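Work through the following exercises with the structure open beside you, and try each task before you read its solution.

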Amino acid sequence: MMNVHQFAIRAHIQRAVAPWAAGQVRDLHRDVHLMVWNVVRDLLYGLDESAASESLHEDMEHWMFQTFAPRVRAFPVNLPFTPYRRMLKDAAKLEQRFLDIMRARRAAGASGTDALAALLRFTTRDGQEVPLEEIVGHALTLFLVAYETTGNTLNWTLFLLSQFPGVQQNLLDELAALGSNPSYEELDQLPYLTRVLKESMRLLPAVPYSRRLTSRDGTLGKYAIPKKTRVIFSHYMTHHMPELYPNPERFDPARWETIRPTPAEYLPFGAGPRTCLGSSLAQCIIKLAVAHILPRWKINVVPNSVVDRHMGISLGPRGGLPVVLAAQDRDLHASPITGNIRDMVDIDQPGPAERVRVAA
Ligand code: HEM
């Protein structure tokens with residue numbers, strides 16, 4: 001599958017960075033999010049821009065941020081004038097937009113090998129079409145989890161590379177050996193690029209925790225867990241255990257030369273029967289994007305930015321990630337930054353940074 005699609009993915013990456021210019025300040029988070037959104041729209045959903053424009057992306061983002069906003073969660077009761085009521089109204093509007101898209105696609109025959117076509121071809125046991133209202137939630141959720149997680153992972157990977165110049169130099173050396181447009185097959189063989197991505201997903205996993213509802217009585221270590229218990233487990237905390245990963249807050253791709261964690265010790269894509277279905281696609285997009293961007297662009301976080309975490313569907317930066325662009329010249333320096341990202345990543349700082357909030 002990656003063979004067929006890597007050209008389309010590369011075209012989306014090239015289009016996303018086409019407006020970039022040296023000296024510009026941009027919101028990297030937004031740029032890479034839109035890039036991945038376009039890949040998902042095109043490859044996973046078989047939709048072109050006329051069917052799903054950028055304003056659908058805005059609606060999806062708006063709804064997602066409302067869903068996770070503390071003011072909505074604090075009082076989840078459907079009463080007039082509450083933030084919760086507003087969120088439900090926006091959810092209904094978004095659902096309607098998506099239903100229209102699905103209806104048009106089904107009317108056009110729902111042919112194709114993409115995930116939306118597969119969903120639309122579902123039939124009931126007696127051979128009837130499944131009503132769109134029953135699958136619209138699945139279709140929307142899959143779209144959201146696919147671009148949110150991948151966009152955030154790409155964002156964090158580029159962020160870490162910009163804050164760790166030594167790692168970036170090593171990666172640039174490795175990429176230089178491949179020429180200007182390496183294929184995915186070539187990239188997938190690169191040991192350092194693979195370690196960089198593994199380490200980025202260890203340190204800042206886009207999915208920091210997951211939940212389960214137990215279907216029967218059981219035990220977990222010394223704990224008895226009755227049926228219907230909500231269990232939360234943290235990918236993030238597991239990835240930051242010093243007994244598994246010495247100096248866990250350090251971004252150190254070289255550690256992967258020697259460690260071989262078990263699936264329960266390293267689980268950016270989950271583990272067991274509910275393992276992520278999109279891990280290959282996600283890694284393909286991220287590796288192609290890093291390999292395209294890094295040799296061409298030097299990305300620096302705007303000095304003295306506050307980089308705070310924000311949990312939506314997945315872990316991203318609060319309010320975006322402001323960066324300054326320059327042509328790649330390999331004269332690399334980390335930017336002084338503040339924010340609670342520094343509780344999660346051990347970043348060497350040139351000196352104490354002034355706390356400035358940057359609107360992105
Ligand atoms: C770097 C990007 C991604 C990360 C970090 C990620 C992470 C995860 C994790 C941790 C789970 C398991 C959640 C749990 O155990 O409760 C999961 C499940 C899932 N992911 Fe991803 N994901 C990524 C990209 C994608 C993409 C691109 C797609 C779509 C093609 C996708 C589709 C899914 C689906 C359908 C499931 C549910 C599987 C099931 O329950 O059977 N993911 N993902």
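## Exercise 1: A pair of helices

The axes of helix H3 (residues 54-68) and helix H5 (residues 83-107) come within 10 Å and cross at roughly 150 degrees. Bear in mind throughout that the model is predicted. Describe how H3 and H5 are arranged, and find the residues through which they meet.

Solution. Begin with the general idea that two packed helices are described by the angle between their axes and the distance between those axes. Angles over 145 degrees count as roughly antiparallel, and the crossing here is roughly 150 degrees, so H3 and H5 are roughly antiparallel to each other. The handedness comes next: H3 passes H5 in a left-handed crossing. Turning to the residues, H3 contributes Leu-56, Asp-59, Met-60, His-62, Trp-63, Gln-66 and Thr-67, and these meet Met-87, Asp-90, Ala-91, Leu-94 and Arg-97 in H5. Sorted by class, the contact of H3 with H5 has 6 nonpolar, 3 polar and 3 charged residues.

## Exercise 2: Two helices that meet H10

Compare the way H7 crosses helix H10 (residues 191-203) with the way helix H8 (residues 165-176) crosses H10.

Solution. Take H7 first: its axis and that of H10 come within 10 Å and cross at roughly 110 degrees. Angles from 65 to 115 degrees count as roughly perpendicular, which makes H7 roughly perpendicular to H10. In this contact, Thr-153, Trp-156, Thr-157 and Leu-160 of H7 meet Val-196, Leu-197, Ser-200 and Met-201 of H10, and the classes are 5 nonpolar, 3 polar and no charged residues.

Now take H8, whose axis comes within 9 Å of the axis of H10, with a crossing of roughly 145 degrees. The crossing of H8 and H10 is left-handed. On the side of H8 the contact is made by Val-167, Asn-170, Leu-171 and Glu-174, and on the side of H10 by Tyr-192, Leu-193 and Val-196. This contact of H8 with H10 divides into 5 nonpolar, 1 polar and 1 charged residue.

## Exercise 3: The shell around the ligand

How many residues surround the ligand, and which are the closest?

Solution. The ligand is surrounded by 19 residues, and the closest are Thr-149, Ser-210, Gly-270, Cys-276 and Gly-278. The next step is to ask which elements supply them: helix H7 (132-163) and helix H12 (279-293) are the ones that give two or more residues to this shell. H7 gives the most, with 6 residues.

Key:
Residues numbered from 1 in each chain as written. Predicted model: local features only at pLDDT ≥ 70, side-chain atom pairs only at ≥ 80, totals over all residues. Near = placed C-beta within 6 Å. Helix = DSSP H or I, 4+ residues; strand = E, 2+ residues; numbered from the N terminus. Axes fitted to C-alpha atoms, helices over the stretch in contact; angles between N-to-C directions. Parallel < 35°, antiparallel > 145°, perpendicular 65-115°, else oblique. Left-handed = near helix turned anticlockwise from the far one by under 90°. Contact = placed C-beta atoms within 7 Å. Nonpolar A, V, L, I, M, F, W, Y, C, P; charged D, E, K, R; others polar.
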